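Student: I am new to this structure. Could you take me through it in short steps?
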Amino acid sequence: MRRFLSLLSVFLFLWKPSARGAVDLALESKVDAALAKLSLEEKIALLHGAGTMELFRETSLIPGVSANDGPQGVRAGAFTAFPSAIAMAATWDVPLLEKIGQALGEETLASGAKMLLGPAINLMRTPLGGRTYEYMGEDPRLAGRMAAAYIRGLQSTGASSCLKHFALNNQESWRDSVSVEIGERALREVYLESFRIAIEEGKPWAVMNAYNRIRGEWCTANAHLNRDILYGVFGFDGANVSDWGAWHDDKKAIEGGCTIEMPSSGDLERDRKIAARVRAGEISEKLVTEAVRRNLRLAFRVKGSKGAANTPEHQALARRLSVESIVLLKNAGSALPLDATKVRRVAVIGPNAAAEHTIISGTMLQKGGSGAVRPPYEITPLQGLAKALGEQRIDYAPGYVFAPPTGVAPADFKNGPAAIEAAVAAAKSAEIAIVFAGTNHSIDHEALKLHDPDVDKKDLELPGPQGELIRRVAAVNPRTIVVLINGAPVRMEDWQDKVGAIVEAWYPGMEGGNAIAEVLLGAADPGGRLPVTFGKNLTDWRVHQLGAEVFPGTGKGGDEKYDDGIWVGYRWFDHAGTEPRYPFGFGLSYTKFEFSNFAVAASKDGWTAKATVKNIGSRAGSEVVQLYTGPADKLADAPVRELKAFQKLHLKPGMSQAVTFTLSPRDFAHWSEKTGDWRTPAGRYRIEIATSSRDVKFQMVGDVRKERSWR
Ligand code: BGC
């Protein structure tokens, strides 16, 4: 301990804030040259798009740039459907996400677009949020680092990312009118922190301003959000694209720091009127030029190479991503993996076994909204299992129906009881019953019309008669396995103790069925860890303890009080001492790991924490080593622990690997409402190496002797 104390002091003494990224002089001179040739009217025409998805039309001065929607694949046309973004976060695999980003960049270029509208990293404030599946979980560090890897990979191809939705678009009900009334601490420390990390580590060329208002002002007109923080603190130098239809007022948006209105078909008359307001001094010409400068940086940064779509490599990556995202939540008596050489008969139950979540018939909006992808094929779990085991060993019984095909059926109770009986009979005569439960995109989707009061989920329950079906199946077959196909936590209290194994597979993309079969049959280790806390009941989440004023807000255009503050996700569960069903960061492996050699040491540019992990089981597998920090003694106003670093290890049996994390004093800081900056007060702090927010392997306490602050 004494050694630790002195090392930390040394570290604080040596640390200096890092310098801002260097200016790209060649780019700036290109931008300057173009700016010098543009008339005021031509500049103003660059403050809005040139079509539904077209940002800039090509001229002799400016390359054309159009966008295609993400984040889990390219929307318009037939493209590779990767698992949804929450699954990407569940991999905790930074190098893999960089590869996914690169594949997405190639697909974007192949579509003819030069920008993909993703990644999206609004944090999961409530598990009911309609777009939780499109986002990267509840923790700023995890979401920020995963998004940064995605952005780096994507932009390495020459295509641009567009990091969205900046900021606080944390629900879909009333998303285009709600005003988020939030304190500065929760804003900085939780909701903007994911963006800070993604921007600093990923350097996106574009950001998307969200639909909602913050403290009464639209994000697109919010100078505090865009000018003070995004540009001033985060150092973002790219374009700030309005979400589609989120630009409301030319003067306010230009002053607020949004740089391009989307969508737009261009309106010469309007451009002239804005120019007249500029000449009259009503709108600042300096701000117009600054916005155009940002847009030109984007236009000159993108490169138009040819790209590639639907390649076997991309499809293999989609499969690998799914394997690495699948979280094994429960495995009583080693119910999994199944031994393919021994199993004679498997009952496969539930409509989600045969449902296609990407290429279902119906419109794009019925498939979840702008994130929908339409791949050339999709392997369902039923097809994946049939391929791996042979059709003759599988007995499929849906158990209930999703009706219409794109909707969730409340059970059709004319045919419902018969369907459940058929599934129970199939389960009874099989050695193993696998129930594919969950949701679909008629439930998990974005707002599909303006001022929609009713988009987010109503509750945490599995829709329809799924709970009853699982209980009935488990009652006749002790080897019942539940596989969840969904985009957010669901309530499991009525059945989780009755089944042998529970697997969270998310929306697994076009290769999902193959990936699920690999994991269930043990060809691969379940690689995922939870990027969100699974509570037992909805009221376990702080936001759901505080009434309609706090969520979903009190109606059209109404204020929504973020009285839940910084208490998002595991930060609240730990603070309140609420036992989650499954904690943040949690996931089982088919093998076993041993942790050793924990050490903390000062280094030139910071402080390092080390641990060694060894695979002591007989199969290859992966472990995610997680580093958390927190105050040594519980405080009323600080989280018990917060994720600060992580690394995923892939280890063969008998293999061990050392991990090293670096920390800076900034990693202990919190936003001070009083002084308006980040502070690490003098005091005692814990550093923990863990495998989830509730499974700490090692802990050390050290003393910070001198208070530090940052902007
Ligand atoms: C969504 C964005 C999307 C845009 C363009 C909006 O409704 O919020 O995420 O990129 O549409 O399709």
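Student: Is leucine 168 buried or exposed?
Tutor: This is a predicted model, where local features need pLDDT of at least 70, side-chain atom pairs count only at pLDDT 80 or more, and totals for chains, interfaces and linings use all residues. Residues are numbered from 1 along each chain as its sequence is written, and side-chain values use heavy atoms, without hydrogens and water. Buried means under 20% relative accessible area, exposed over 50%, and partly exposed in between (1.4 Å probe, protein chains only). At 3% relative accessibility, leucine 168 is buried.

Student: What is the phi of leucine 168?
Tutor: Most residues other than glycine have a negative phi. Leucine 168 is not a glycine, yet its phi is positive, at about 70°.

Student: In which strand is histidine 165 found?
Tutor: A cis peptide bond joins lysine 164 and histidine 165, with omega about -5°. Strands here are DSSP runs (E, at least two residues), numbered from the N terminus. Histidine 165 belongs to residues 163–166, which form strand β4.

Student: How far is the polar side-chain atom of aspartate 69 from an oxygen atom of the ligand?
Tutor: A polar contact is a pair of N or O atoms within 3.5 Å; within protein, one must be able to donate a hydrogen and the other to accept it, and residues adjacent in sequence count only if both atoms are side-chain atoms. For arginine 131, a side-chain N or O atom is 2.8 Å from a ligand oxygen. For aspartate 69, the distance is 2.4 Å.

Definitions and conventions
Helices (H or I, at least four residues) and strands (E, at least two) are DSSP runs, numbered from the N terminus.
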